[in-house]
Amino acid sequence: ADSLRALGDRVGLRIGTAVNMDELGSNADYTRITAEQFSSVTPENVMKWQLVEPTRGTYDWAAADRLVSFAKENKQLVRGHTLVWHSQLPTWLSSDGYTTTLSNDELKALLKKHIQDQVKHFKGDIWQWDVVNEAFDDDGKPRETVWYKAWGGLGYIADAFRWAHEADPKALLFYNDYNLEFTGPKSNAVYDFVKTLKAQRVPIDGVGFQGHLDTQYGFPDLQNNLQRFADLGLKVAETEVDVRTFTEAAPNVNTPTTPLASYAQESYWSRALKACLAVRECISFTPWGFGDTYSWIPGWFNNPQEGAALLYDADLKPKSQYYVIQQDL
Ligand code: XIL
């Protein structure tokens, strides 16, 4: 049967994956699947500030450069992830994203230099940049991160988009966040905010819907949300899709759980993909990795009952949700 990327090509949709650079190149199956199945790649970690500038003033682009070369060899596009975030900052800048010993003026100068240097380093090689990640809370209030505090408000976001656009005018610039899939205070606040950015002629091209879904919370009205953002004149993308499942008695986060849970997961994957297919401006569909062993879910949620969130199992064999997606494409 055809690969996901070949099927996606036929309908003009890029099928992406997050890539773990500890596996790419050293793990043969992992490397083969990345090349065979996906037409877009996102570095899961290696373009984050913590990894590119672990020591103040010294850049380390090696792992990210390796991904960009791999993408070129395999005719894949790259989603750059991510320039402005409160999480995974280098410790010299902030250990929690909300507090810092640096002054506001220093922070402003640092963010500008970070964006200019990083976007220039990858100039011409990045299809979509996640310029700003997760700036709002679930209640729709701006997160009061070090960036918010330094600017005394959300002004850092418009500056970030302008600096990124100057550094690589051809890259598509995205705001990226989770829970935008659901209609509610957060997606409403982000909707109003990006509408203002557009009205102010800030160079924003798209909104990324992370899509970290969980079968215990119900399937969101994703298509409507993709569509209303698209109707603002923006592209949209599903950027970090995974479908975790909660089961009382999951013995192992890396193996699917009960027949019922796995049926729900298939349905969520199918509906998430179909929502993108139904919206003309939805340009890419990116699962957050492809093997349950490498998924961030069990580690992050620190709960042995949450997991099995991806399309491939712990042996890198496609699961039923893979075949469902393949049918839908
Ligand atoms: C996660 C990675 O998958 C983990 O390896 C890392 O330890 C933490 O970050 N939203 C995002 C991603 O935008 O960058 C996060 O990735 C998952 C949530």
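Modeller: Start with Asn176: its bridge partner in strand β6 is Gly208. One caution is that this is a predicted model, where local features need pLDDT of at least 70 and side-chain atom pairs count only at pLDDT 80 or more, while totals for chains, interfaces and linings use all residues. Numbering runs from 1 along each chain as its sequence is written.

Biologist: How do you know that β5 and β6 pair?

Modeller: Two strands pair if DSSP finds at least two bridges between them. Strands β5 (residues 172-177) and β6 have 4 bridges, in the parallel sense, so they pair by that definition. Strands here are DSSP E runs of at least two residues, and helices are H or I runs of at least four, numbered from the N terminus.

Biologist: And what makes β1 an enclosed strand?

Modeller: A residue is buried if 20 or more other C-beta atoms lie within 10 Å of its own, exposed if 12 or fewer, and partly exposed in between, with C-beta atoms placed from the backbone. In β1 (residues 14-19), 6 of the 6 residues are buried, so the strand is largely enclosed by the rest of the structure. In a regular strand the side chains alternate between the two faces of the sheet. For β1, Arg14, Gly16 and Ala18 are buried on one side, and Ile15, Thr17 and Val19 on the other.

Biologist: Which strands pair with β1?

Modeller: β9 (residues 282-287) does, parallel, over 2 bridges, with Arg14 opposite Ser284. β2 (residues 40-43) is also parallel to β1, joined by 4 bridges, and there Thr17 stands opposite Val41.

Biologist: Why is the chain called as compact as a globular protein of its length?

Modeller: The chain comes to 12 helices and 10 strands. Its radius of gyration is 19 Å, close to the 20 Å that the globule rule gives for 329 residues, so it is as compact as a globular protein of that length. The radius is taken over C-alpha atoms, and the rule is 2.2 Å times the number of residues to the power 0.38.

Biologist: What does Val131 touch?

Modeller: Contact is when C-beta atoms, placed from the backbone, lie within 7 Å. Leaving out residues up to four places away in sequence, Val131 touches Leu83, Val84, Ala160, Phe161, Ala164, Leu173, Phe174 and Tyr175.

Biologist: Which residues are around the ligand?

Modeller: Glu44, Asn45, Asn133, Gln210, Glu240 and Trp296, where near means a C-beta atom, placed from the backbone, within 6 Å.

Technical notes
Contact = placed C-beta atoms within 7 Å.
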